[in-house]
Amino acid sequence: GPLAYGTYESGRVMIEKGLTIPYSFVQEDCDALREIIAETGANIVLSSDWRLVYPIDSMNAILSYYGVPPKIIDRTDSYKAKMSSPGSMDRAYQIMKWVENNNVSNWVAIDDYDLSYFFLESGYDHNFVHVRGDNNKDKSVSLQSVKQTVINLLNTNYGIF
């Protein structure tokens, strides 16, 4: 999500023969993710809707195309938090369920949806970083600030989503 925020009108991008994505990723955001991985050794578990469309090897190829190491190791399942729960609640629940099912204690979730309420309610408020998209008029949280926050969290023994 955060890697392709606001690029929905940019047009299709051919990653390699047989692999095309519907719109581009934001190179600056991909560069930040690459730096996070380089400084922390983090792996990625995909929780965005992209996980429903592309298999992990294709997602790793997409990341590689944008200069990000192919570090996706898994993706979350499509659990519903409640029968009529909103998508943002489901996303947070799916991440927490993956963490629980895989007995992971060190992680950080990064999303352009503000999932902070759901993580706070579950006691995981220190495991979530909200990224505002490029076409959000409020630029109060810079990419550099988000990147440094994530690196600091990961370097205190967290993993990454």
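Me: What pLDDT does the protein average?
Reply: Keep in mind that this is a predicted model, and pLDDT is the predictor's confidence in each residue, from 0 to 100. Here 90% of the residues score at least 70. The protein averages a pLDDT of 86.

Me: Thanks! Now R91: is it buried or exposed?
Reply: R91 is found in helix α3, which spans residues 87-101. Leaving out residues up to four places away in sequence, R91 touches S47, S48, D49, D111, Y113 and L115. Its relative accessible area is 8%, and buried means under 20%. So R91 is buried.

Me: And L52, is it buried or exposed?
Reply: L52 sits in the loop between β3 (44-46) and α2 (56-65). The cut-off for exposed is over 50% relative accessible area. L52 has 54%, so this residue is exposed.

Me: How many Å apart in space are L52 and D125?
Reply: In sequence, L52 and D125 are 73 residues apart. In space, going from C-alpha to C-alpha, they are 26 Å apart.

Me: Let's turn to the aromatic rings. How many aromatic pairs does the structure hold, and what kind of pair do Y79 and Y93 form?
Reply: The structure holds 10 aromatic pairs. The rings of Y79 and Y93 are 6.3 Å apart, centre to centre, with 85° between the planes. Planes over 60 degrees apart count as edge-to-face, so the pair formed by Y79 and Y93 is edge-to-face.

Me: Which parts does the pair of Y79 and Y93 tie together?
Reply: The two residues are 14 residues apart in sequence. Y79 counts as partly exposed at 28% relative accessibility, and Y93 counts as partly exposed at 30%. Because of where Y79 and Y93 lie, their pair ties together the loop between β4 (72-75) and α3, and helix α3.

Me: What is the angle between the planes of Y117 and F118?
Reply: Y117 and F118 form an edge-to-face pair, 5.5 Å centre to centre. F118 counts as buried, at 17% relative accessibility. The angle between the planes of Y117 and F118 is 80°.

Me: Last one: which residues form one aromatic cluster?
Reply: Here you can look for Tyr, Phe and Trp rings. The residues that form one aromatic cluster are Y23, F25, W50, Y54, Y65 and Y66.

Key
Residues are numbered from 1 along each chain as its sequence is written. This is a predicted model: local features need pLDDT of at least 70, side-chain atom pairs count only at pLDDT 80 or more; totals for chains, interfaces and linings use all residues. Side-chain values use heavy atoms; hydrogens and water are left out. Helices (H or I, at least four residues) and strands (E, at least two) are DSSP runs, numbered from the N terminus. Buried means under 20% relative accessible area, exposed over 50%, partly exposed in between (1.4 Å probe, protein chains only). Contact means heavy atoms within 4.5 Å. Rings of Phe, Tyr and Trp (its six-membered ring) pair if their centres lie within 6.5 Å; planes under 30 degrees apart count as stacked, over 60 as edge-to-face and the rest as tilted.
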